[in-house]
Amino acid sequence: MNRRTLLSCLAGALTIAAIQAPLPASADALATIEANKVIRIAVPQDFPPFGSVGVDMAPKGYDVDVAKLIADKLGVKLELVPVTSANRIPYLQTNKVDLVISSLGKNAEREKVIDFSIAYAPFFNGVFAPADVAVKEIKDLDGKTIGVTRGAVEDLELTKIAPASVTIKRYEDNNGTISAFLSGQVELIATGNVVAAAILERNPPKRPEIKFLIKNSPCFIGLNKNEPALLEKVNAIITSAKADGALNAISEKWLGAKLPAEL
Amino acid sequence: MNYAFDYGWLLEYWPVLLKGLAITVELTLVGGVFGVALGVACAWARALGPKWLRPIVTTYVEMIRNTPFLIQLFFIFFGLPSLGVRLGELEAANLAMIINLGAYGCEIVRAGIQATPKGQFEAGASLGMSRIQTFWYVVLIPALQRIWPALSSQIVIVMLGSAAVSQIAAEDLTFAANFIQSRTFRAFEAYFVSTAIYLALAIALRQMLRGLGWSLFPKRSGR
């Protein structure tokens, strides 16, 4: 190995080490936000109803409204940063944003690299049906027919937990499942609350209401590790927004349903 | 290419395939029998039927022959419930296949009927046969014999077209292939096996129809 190769190897190793090392976060993110009078928040741009771009090119959605709420309560200017689901955590880690409000679910892998606030939005799969259908738990499905999108998480879960007497109709995609529900081909559907919200948005004669949950994975606000002041402030804002109905209004507006009590 | 083929799922999923095959066969049998019957009735109506009936049948035939099968199926399954007619996915699939084959069959059989020389009608009448007897023995049976290969092909096409019914959650062979694919992520193997089954089914159906043709039209089959 000559000297040049050795040097380039060393340079490479140093670069990698630099990338691997956590970026030195500013002394205190909350103090920085308050000093700059601006908070940078990552929101989705391709995931309605949580975040999408309206006809006026302005971002809109559940996450965008929560971002506005937090900026309001902090009394600072809001800078929205559109992200994709793949780059939302890197944006936070590289300090391009202060918070990620991007329908982020919590899991062990993510918890190793970032911190999470308390939950701010419901995100679940469940069994939906009109109000007059008396179903409260999996046992009540006995002998009933339920529509589901083939291969979706709720299909796999339902296949596992449903009693043998349940007939599961598997449609090709969400549109098939929605059509089957709206045309009355199936009385019940198992789907995500976002899909149910999309049905409700069209103001149909049959309104899918949640009967029971299959899988719950609510959304959390992501922030960098070791920012106790910011975390505490964000949690306080969400807690008070839950108490005063502000978050419930956002849920009604974008998901067409009240905020679940357990959130 | 470093894809490792794996047919291990066949052990677990063959009942799904078998059930799918049974549904496809059922759809083809019901669709084939009633569809051909409907086609013959419509061909009679269009070629020899009363004047008032002809435009009605023509409208039906042209509507079906000029729209996609999938749309007809969706209309019956998702559309008709708005008018209070709710059919299950198998009934809807059967109905769609019958009316589809009925329309195509009509045109095929009509071609056979219209190729019958006028003298043959007159010959029937001069032998003292009733109009119904003339139609049955002198017109329809020779006509069916002439167009039997074309009609057989159409039945095979409808059988293959039945793959579309998986879209309304009817659990036919295509549904089984899609289902297995979405559970095992073995796309190549799942579709390869279902392709082979469809191919075998089409060949068997064609042979069966050929045999049926021989037994239905024995005297003339030595043409």
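What order and pairing do the three strands of the open sheet in chain A have? The strand order is β2-β3-β4 (chain A), and the pairing is antiparallel. Strands here are DSSP runs of E with at least two residues, helices are runs of H or I with at least four residues, and both are numbered from the N terminus. Two strands are taken to pair if DSSP finds at least two bridges between them. The edges of the sheet are formed by β2 (46-47) and β4 (59-60) of chain A, each of which pairs on one side only. Between β2(A) and strand β3 (residues 51-53) of chain A there are two bridges, and these strands run antiparallel. Opposite A:Asp46 stands A:Ser52 in β3(A).

The structure is a predicted model, in which local features need pLDDT of at least 70 and side-chain atom pairs count only at pLDDT 80 or more, whereas totals for chains, interfaces and linings use all residues. Residues are numbered from 1 along each chain as its sequence is written, and chains are lettered from A and ligands numbered from 1 in the order in which they are written. The average pLDDT (the predictor's confidence in each residue, from 0 to 100) of chain A is 88, and 90% of the residues score at least 70. In residues 21-25 of chain A the pLDDT is below 50, and this stretch has five contacts in the model beyond near neighbours in sequence. A contact between two residues requires that their C-beta atoms, placed from the backbone, lie within 7 Å.

Chain A contains 10 helices and 13 strands. Of its 263 residues, 39% are buried. A residue is buried if 20 or more other C-beta atoms lie within 10 Å of its own, exposed if 12 or fewer do, and partly exposed in between, with C-beta atoms placed from the backbone. Among contacts in chain A with a separation of 6 or more, 68% are between residues 24 or more positions apart.

Two domains are assigned in chain A: domain 1 (27-123 + 218-255) and domain 2 (124-216); the bounds come from an automatic or database domain assignment. The C-alpha centres of domain 1 and domain 2 of chain A are 30 Å apart. Contact between the domains involves six residues of domain 1 of chain A and five residues of domain 2 of chain A. On the side of domain 1 that touches domain 2 in chain A, six residues are nonpolar, with no polar and no charged residues. In this classification Ala, Val, Leu, Ile, Met, Phe, Trp, Tyr, Cys and Pro count as nonpolar, Asp, Glu, Lys and Arg as charged, and the others, Gly among them, as polar.

The contact between the chains takes 11 residues from chain A and 10 residues from chain B. On the side of chain A that touches chain B, β10 (167-171) and α7 (174-182) of chain A are the elements giving two or more residues. The most is given by β10(A), with three residues. This side of chain A comprises one nonpolar, six polar and four charged residues.

A:Asn235 lies in helix α9 (residues 228-243) of chain A. A:Asn235 counts as partly exposed because it has 15 C-beta neighbours inside 10 Å. Apart from neighbours within four places in sequence, A:Asn235 is in contact with A:Ser117 and A:Ile118. In chain B, B:Ile155 belongs to helix α6 (residues 131-161) and counts as buried because it has 22 C-beta neighbours inside 10 Å.
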